[in-house]
Amino acid sequence: MSKRDDRHDLMRLRLLAAQDAMSLSAEELVKEDKEAGVDTQVEAERWRASMRATAARVLREARPVQNTEYVPLSGRVRKRPDIDALKALVRGVFAARPELGLAFRDGKHQSDEDWKTLYDDLVDAGAIVPDEHED
Amino acid sequence: MDSAGHEMKPIATAEQIRTAIEDLTDEDYARLRRAGSAFLYGSEYTDPLELMNEAIARAMHGAGQAKGRHWPLHVPFVAFLIMTMSSIANASTESPTQTLTDSLADFVPEGVAYSDFAIGPLRAASTEEECATEEERAAESAKSAKVFADIEAFFANDEEVLMLVLCLRDGQRPREIQESAGMTVTQYNTARRRLRRGLTKLGLGGERP
């Protein structure tokens, strides 16, 4: 068996294990978790929150900057307001301009990272004037 | 069709990926947790959630970009995430330009074509990078051999799982393994379950599935 085959076989072995994970019924998943002392629902929410935060972080970091000297307005803001004031500001904008709410997903499941991204977007869109709210 | 003759399929946007994360059920997360846990042993990861977050980051980077990890929208999100986690776990042991081969066709999640995942490497390496990593790949090869030795030692007292591993290493596909090992469907499925639990135990040091 060549070393190259070892690497390839390891991938196949892992996928074989994944096939088993996919074959488990909802009842079997809960039963197995219970035996291991895991709350299926709590663990699912922990993963969801973590994945949500990762996706929001990538979006924040991946903003295209076409002009290398250009810094978006949100990037020029010295400091965002604290998170509660920031949420109040964002809610105020949506209350005043409901048409913007289409992109807000009803305000549900928003992580702090989501709120910060949203705040920056609204600053860049001119809906929030940062100078008025900086810490 | 693109220049390589592949049919162009719709690729998810960043917002579609974020929506899909919200739409996953508790059972989906439980399956993803198990698949990720089984991928840890022999990889650089020690936490399935860390591996999953890397998969999400790669998918988000690929959204709307010509290069990167793309989620073809006709592929179930769970299947896409499992295959992406698998690729990441294997990334250090793969050639950077290696894509899935026919021999993996029977190992992708049920109901999905393996060609859906033959969508290019997670990243493209320069010629310089490939030369520079030759030594690293030799080290990874030795590491993979050791991982297999550990796995075989772990299952030394479980003849059925050991047979499953040996048949797989012999190049057999799942259906062939079952036949040549003389297993019933139930025996094969329970052996596969013990394999998954064993890999999880090795990867997590005996922690939860």
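**How chain B meets chain A**

Modeller: Across the interface of chain B and chain A, the rule finds 11 salt bridges. Keep in mind that this is a predicted model.

Colleague: Why is the pair A:Asp33 and B:Arg34 called a salt bridge?

Modeller: The closest N and O atoms of A:Asp33 and B:Arg34 are 2.8 Å apart. The cut-off is 4 Å between a side-chain nitrogen of Lys or Arg and a carboxyl oxygen of Asp or Glu, so this pair counts as a salt bridge.

Colleague: OK, and which elements of chain B give two or more residues to the side that touches chain A?

Modeller: They are H1, H2, H3, H4, H6, H7 and H9 of chain B. The one that gives the most is H2(B), with 11 residues.

Colleague: What classes of residue are on that side of chain B?

Modeller: There are 38 nonpolar, 18 polar and 18 charged residues on the side of chain B that touches chain A.

Colleague: How many residues are in contact between chain B and chain A?

Modeller: On chain B there are 74, and they are in contact with 49 residues of chain A. For a contact, heavy atoms have to be within 4.5 Å. Between them the two chains bury about 5900 Å², with 60% of it on carbon and sulfur atoms.

Colleague: What makes up chain A itself, helices or strands?

Modeller: Chain A has six helices and zero strands, so its elements run α-α-α-α-α-α from the N terminus on.

Colleague: And how much of chain A counts as buried?

Modeller: Of its 135 residues, 41% do; the word is used for a relative accessible area under 20%.

Terms used:
Residues numbered from 1 in each chain as written. Chains lettered and ligands numbered in written order. Predicted model: local features only at pLDDT ≥ 70, side-chain atom pairs only at ≥ 80, totals over all residues. Heavy atoms only, no water. Buried area = accessible area lost by both parts, 1.4 Å probe. Helix = DSSP H or I, 4+ residues; strand = E, 2+ residues; numbered from the N terminus. Nonpolar A, V, L, I, M, F, W, Y, C, P; charged D, E, K, R; others polar. Buried < 20%, exposed > 50% of the residue type's maximum accessible area, 1.4 Å probe, protein only.
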